[in-house]
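Reader: Could you walk me through this one? I would like to know which parts to read with care before we turn to the rest.

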Amino acid sequence: MATTSPLGIEIDQYKWGFHDPENLVFKARKGLDRDTVEMISHMKGEPDWMRAFRLHSFEHFQRRPMPKWGADLGQINFDEIYYYLKPSDGKGLTWEDVPADIKRTFDRLGIPEAEKKYLAGVGAQYESESVYHNLKEEWEKLGVIFLDTDSALKQYPDLFKEYFGTVVPPEDNKVAALNSAVWSGGSFVYVPEGVKVDIPMQAYFRINAEKSGQFERTLIICEPGSYVHYVEGCTAPTYTTDALHSAVVEIIVKEGARCRYTTIQNWSKNVYNLVTKRAVAYRDATMEWVDGNLGSKLTMKYPSVYMVEPGAKAEILSIAFAGAGQQQDPGGKVIHAAPHTQSSIVSKSISKDGGRAGYRGLVKVYAGAKGSKCAVRCDALILDEKSRSDTYPYMEIDEQDVSVTHEATVSKVSDEQLFYLMSRGIKADEAMNMIVRGFIEPIVKELPLEYAVELNRLIAMEMEGSVG
Amino acid sequence: MADLVIRDLQVQVEEKVILKGVSLEVSRGEIHAIMGPNGSGKSTLANVLMGNPFYQVTRGDVLYKGEDLLAMAPDERAKKGLFIAFQYPVSIPGVTMASFLRTAISARRGYTNELIPIGEFQKILKAKLDALKILDPAIVGRYVNEGFSGGEKKRAEILQMAILEPEIAIMDETDSGLDIDSVKVVADGILEMYRAAKGGMGVLVITHYSRILQFLKPTFVHIMYDGRIVVSGGPELAEELEQHGYEGIRAQFEVIAAEVQEEGAVRRAGKVFWVVH
């Protein structure tokens with residue numbers, strides 16, 4: 001029976017069981033309805049505007065049809081997903097439940113025990129607490145805010161409200177609407193004017209926050225003249241029993257500021273990874289997305305930059321690796337909405353064992369964006385006959401006075417290259433690895449060192465058995 | 001037995017027979033030259049010895065230090081000390097020379113699961129670059145053969161050879177496309193390695209021209225024609241070829257053709273004329 005909570009939310013208190021604050025036993029259930037959205041907002045003790053935002057988003061999610069223009073999303077069953085709390089029968093996920101191949105990968109990457117458990121979703125914390133605390137103190141002195149998104153809403157309500165949902169509105173697309181309705185976790189970063197954060201901020205340093213969830217929401221605000229490099233994810237496989245990961249990232253880069261956002265995604269191979277990432281770059285600001293996609297069953301992700309004032313710059317670097325049963329559909333969008341804006345997109349995709357990897361992107365130049373420049377380069381490397389690469393470069397150019405270039409290559413590893421390396425004593429599989437590493441090198445060299453090293457090792461592992 | 005023994009080697013690409021029965025022996029400490037016109041099969045021989053999968057061996061065999069060379073993958077051949085300096089080295093984008101050389105030397109020196117320690121590698125690299133003086137050391141930071149000039153590619157092959165310290169090295173038209181000064185520099189580099197090689201190094205030089213041979217002074221010169229070695233001799237054979245061309249050799253051959261057919265091989269004025277099947 002539905003009743004009204006003190007916050008004015010219609011909920012079935014018995015069903016959710018949170019009438020008893022001493023004994024919070026949640027009988028969370030699968031599927032999504034208005035009650036669940038209300039419950040999430042209530043549980044988090046959110047202000048009314050956020051509850052309204054969630055409900056509005058939920059309505060839009062319900063109305064909005066599944067997108068049909070890209071990969072097949074027909075197998076996602078939204079009714080089979082837990083949107084907030086997982087069923088808690090006292091057991092939870094234990095180390096024994098983690099599949100053997102994931103454990104092996106951890107071992108071979110040389111990941112410390114505690115971190116392994118964290119990555120596998122069975123340990124609560126990653127042992128970098130002391131490192132994090134020192135950094136946090138330094139950042140706080142500079143006025144930098146680095147919090148999980150839920151805490152930021154509580155601690156900085158006005159700042160939060162000013163920017164949240166302004167870059168990616170719930171109406172943007174169906175999965176963004178879903179995220180807006182049920183979001184939880186993610187990072188909130190605020191960099192004050194002129195402050196340059198010289199150490200990359202890494203999501204997994206933020207240990208006191210909840211683990212990266214299914215519907216995380218990240219908001220980064222760079223005040224004029226500031227700089228930050230935010231690093232998300234990690235190269236070790238992220239094991240999850242959830243079939244859907246749908247995040248939203250919003251970034252505001254103000255005049256003369258620069259933001260770089262690096263992601264290495266290696267979800268387990270059952271996950272649909274549908275992420276909306278967008279930045280707005282103001283006068284002379286620079287936004288850089290570095291995006292690596294290795295895992296998941298299907299990834300659709302097109303980091304975008306809206307260049308809305310003169311002199312804004314965008315750079316998008318994307319790597320995708322698709323093995324058996326995987327489809328990587330990454331890319332990027334650059335919107336030139338002001339004169340003298342510059343952008344470049346470099347995409348490198350690798351497919352093997354029947355995998356599909358490619359590039360889907362949009363270059364939009366509005367009339368009046370005079371003197372703007374855009375260069376797109378996408379290279380695909382196909383490692384065997386079974387695999388494929390798809391390239392969908394969309395261009396909408398409504399201004400004459402611009403320079404837009406597009407280059408695309410599709411290549412196979414040549415026998416000549418393999419023979420050349422082997423003639424120097426290098427084994428066939430290592431030769432193949434070297435060629436693949438060389439192919440992605442232009443992007444890998446942009447990664448923080450430890451990520452670059454791990455990424456190379458990981459690709460070497462994915463490449464095993466690729467040469468007879 | 002010689003280190004490298006080639007017996008009656010027949011090779012084809014798809015349906016086309018390119019080598020029609022080549023026999024040759026090369027040992028450490030020897031310098032051999034194979035000369036011949038374009039299309040005679042010289043480069044094919046070099047590539048087959050290294051194991052290029054593009055070619056099919058249809059007859060004959062090759063022994064390397066008594067083992068069946070043709071049964072080995074190219075990397076095994078390299079590890080056992082065989083080397084080829086390619087005529088057209090391919091580029092490997094994104095892979096630096098340093099990383100490539102370190103991986104290669106690790107394999108040659110028997111490191112199986114790890115690479116040679118970086119310090120040791122750098123010491124070797126510096127020593128080789130200093131000794132050869134044929135390349136700007138900055139080359140090691142560039143991607144393998146990517147954007148190299150023709151001369152740089154050839155010199156980079158020599159650097160690889162110096163680092164891998166082969167026992168038998170095949171130089172496939174290393175002199176072509178080099179100006180005469182570069183030919184001397186490269187030849188000096190090869191000779192330096194030849195003299196310094198512990199246990200000796202055998203060199204098989206494949207060339208159009210005698211000019212590199214003026215510097216290398218091979219002990220044996222072989223002339224290849226239409227997929228066969230037709231004449232073998234000493235260094236004077238190269239000079240003779242330079243003066244009289246292949247036509248001059250052919251004229252001599254025609255005079256004794258019947259005799260060669262009967263005997264299989266006929267020795268005349270320090271040259272051996274081989275039977276043409």
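Reader: Over which residues of chain A does pLDDT stay under 50, with contacts beyond four places in sequence in the model?

Author: One such stretch is residues 205-212 of chain A, for which the model has 19 contacts beyond four places in sequence; pLDDT is the predictor's confidence in each residue, from 0 to 100, and two residues are in contact if their C-beta atoms, placed from the backbone, lie within 7 Å. This is a predicted model, in which local features need pLDDT of at least 70 and side-chain atom pairs count only at pLDDT 80 or more, while totals for chains, interfaces and linings use all residues. Residues are numbered from 1 along each chain as its sequence is written, with chains lettered from A and ligands numbered from 1 in the order in which they are written.

Reader: And what does chain A average in pLDDT?

Author: Chain A averages 82, and 78% of the residues score at least 70, although over residues 121-130 of chain A the pLDDT is below 50.

Reader: Switching topic, how many residues of each chain are in contact?

Author: On chain A there are 21, in contact with 22 residues of chain B. Helix 11 of chain A gives the largest share of the chain A side, nine residues (helices are DSSP runs, H or I, of at least four residues, numbered from the N terminus).

Reader: What does Val205(B) touch?

Author: Leaving out residues up to four places away in sequence, Val205(B) touches several residues, including Ile31(B), Met171(B), Leu213(B) and Pro218(B).

Conventions
Helix = DSSP H or I, 4+ residues; strand = E, 2+ residues; numbered from the N terminus.
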